[in-house]
Amino acid sequence: MIQASNVTLRFGKKALFEEVNIKFTEGNCYGIIGANGAGKSTFLKILSGELEPTQGEIIITPGERLSVLEQDHFKYDDCLVLDTVIMGNQRLYDIMKEKDAIYAKEDFTEEDGIRASELEADFATMNGWEAESDAATLLNGLNIDTELHYKQMSELSGSEKVKVLLARALFGNPDILLLDEPTNHLDLDAIRWLEEFLINFDNTIIVVSHDRYFLNKVCTHTVDIDYAKMQLYAGNYDFWYESSQLMIKQMKEANKKKEEKIKELQEFIQRFSANASKSKQATSRKRALEKIELDTLRPSSRKYPYVDFKPDREIGNEVLTVTNLSKIIDGEKVLDNVSFTVGHDDKIAFVGSYGIAATTLFQILAGEMEPDEGDYKWGITTSQAYFPKDNTKDFAGTDTIVDWLMPYSPEKDATYVRGFLGRMLFSGDDGLKKVNVLSGGEKVRVMLSKMMMLGANALIMDEPTNHLDMESITSVNNGLIKFPGIVLFTSQDHQFIQTIANRIIELTPNGMIDKVTTYDEYLDSDEMARKRQALS
């Protein structure tokens with residue numbers, strides 16, 4: 001059990017949250033939700049002891065081990081991958097190292113023998129003999145090949161390091177597990193594995209995530225942070241949403257009844273206060289009126305950008321034909337004879353763990369890269385807008401947001417652009433910010449603004465939900481559902497794919513699967529499972 005008791009955190013005069021009292025108990029998974037800046041990750045840091053609250057305390061049941069998903073991807077670069085995972089249980093790892101050091105001594109003393117015996121007993125109690133196999137199982141579940149287990153962390157890619165650090169957090173059955181955005185940079189197979197792991201995890205889990213499907217799948221409870229307060233709901237994300245909306249509706253209805261009663265009392269008082277025979281009744285109603293208090297309905301701190309892709313022209317029947325595209329990057333053939341045709345109703349999700357293939361394909365289709373072999377042809381009625389996974393070069397300059405967007409605006413007017421930005425949550429002088437200092441989420445909202453201004457009828461979007469909060473993800477999700485053109489996209493957000501795509505393409509190093517289906521049907525189909533297995 002871990003408990004926050006009267007926890008308050010202030011930065012200067014601003015309170016991030018105040019007098020938080022929440023108990024997290026064994027066997028439950030708690031999803032922490034709230035707008036960007038609400039303090040979700042900060043609250044996890046307080047729970048882990050990394051950050052001290054201004055007042056209050058964190059209480060953990062004595063003897064329970066707490067494990068945290070590390071955010072520093074370079075912290076263990078000098079360590080072996082397998083050792084990094086086992087370090088998730090630091091006490092066990094220390095015992096292993098001390099034991100090995102004693103056995104390596106040339107002058108092994110009687111005291112060394114006694115100490116080694118003590119360590120062996122502790123080692124066996126902590127299932128130390130299974131440590132390496134347990135660590136390997138976690139790594140394999142997250143698609144870290146066995147050949148990487150004994151390499152240095154510094155030799156791994158960024159996404160591989162993320163998986164190792166996740167395995168480290170999960171290792172050794174911790175009593176309390178704190179996970180901050182655990183699905184970031186995971187492929188969809190790894191996310192599915194993690195979902196099953198957490199569903200079967202018997203201890204306490206506290207997780208921050210922007211992935212709605214993930215929260216719905218794993219969470220038994222939801223903690224909503226809004227206006228410096230935390231409200232605990234029993235149930236997953238969807239249950240929280242329905243419950244919170246129901247609560248607001250009930251408060252509005254209660255206020256309406258109170259307002260009607262107030263009006264009725266005021267009318268009686270005004271009518272009969274000067275009437276001697278009714279004066280006692282008027283006085284009584286005055287007292288009743290003074291006791292009526294309307295419930296305070298504070299609007300949520302959550303803000304939803306306005307995302308609406310409106311094409312300037314309707315798309316024709318001939319959209320896109322891709323023929324035998326091949327591309328080698330750094331000696332690796334990432335595209336090998338890729339061919340497909342896009343119809344005018346297609347919204348295609350490119351899925352799978354081989355993400356570089358889709359990214360390379362999108363760069364070619366957007367005209368940013370030439371294929372080594374093969375070709376592609378867009379229909380004459382199409383116009384394209386491209387959302388890159390890496391937008392670093394797009395925002396390298398020192399233009400203001402307004403100046404950056406001006407070339408794409410249908411009206412070359414700063415007032416129009418600033419009005420457009422206001423709908424994308426850039427208020428006041430935000431439009432005068434330099435693009436090279438924007439946060440990840442701000443850059444995404446600017447890029448989405450550009451795409452909306454272009455009025456294209458064919459959208460190519462490589463991980464458009466990265467860096468966005470849940471409210472922005474919902475807005476993009478709904479905007480693409482309504483979009484009447486074609487969409488080629490990638491995402492690690494299960495619900496995003498399921499609600500948008502009507503066709504799934506998986507590019508693998510050994511071939512391609514192309515199926516007109518929903519994402520859930522694709523994942524659950526035995527036929528597709530066999531094809532994926534054959535190509536892996």
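This short talk covers the nonpolar cores and aromatic contacts of the structure above.

The model is predicted, so local features need pLDDT of at least 70 and side-chain atom pairs count only at pLDDT 80 or more, while totals for chains, interfaces and linings use all residues. Residues are numbered from 1 along each chain as its sequence is written, and side-chain values use heavy atoms, without hydrogens and water.

Cores to begin. A nonpolar core is a set of buried Ala, Val, Leu, Ile, Met, Phe, Trp, Tyr and Cys residues joined through side-chain atoms within 4.5 Å. Buried means under 20% relative accessible area, with a 1.4 Å probe and protein chains only; over 50% is exposed, and in between is partly exposed. The largest core has 99 residues. Phe309 and Leu459 touch the most other members. A second, separate core holds 27 residues, including Val319 and Ile364.

Now the rings. There are 16 aromatic pairs. Rings of Phe, Tyr and Trp (its six-membered ring) pair if their centres lie within 6.5 Å; planes under 30 degrees apart are stacked, over 60 edge-to-face, the rest tilted. Phe24 and Phe43 make a tilted pair, 6.4 Å centre to centre, with 50° between the planes. Both are buried. Phe17, Phe24, Tyr30 and Phe43 form one aromatic cluster.

Next, Tyr237 and Trp240. They are tilted too, at 5.3 Å and 40°. Tyr237 counts as buried because its relative accessibility is 9%. Trp240 is buried at 4%.

Last, charges over rings. That needs NZ of Lys or CZ of Arg within 6 Å of the ring centre and within 35 degrees of the ring normal. Lys99 sits over Phe123, 4.2 Å from its ring centre. Arg445 lies over Phe426, at 4.6 Å.
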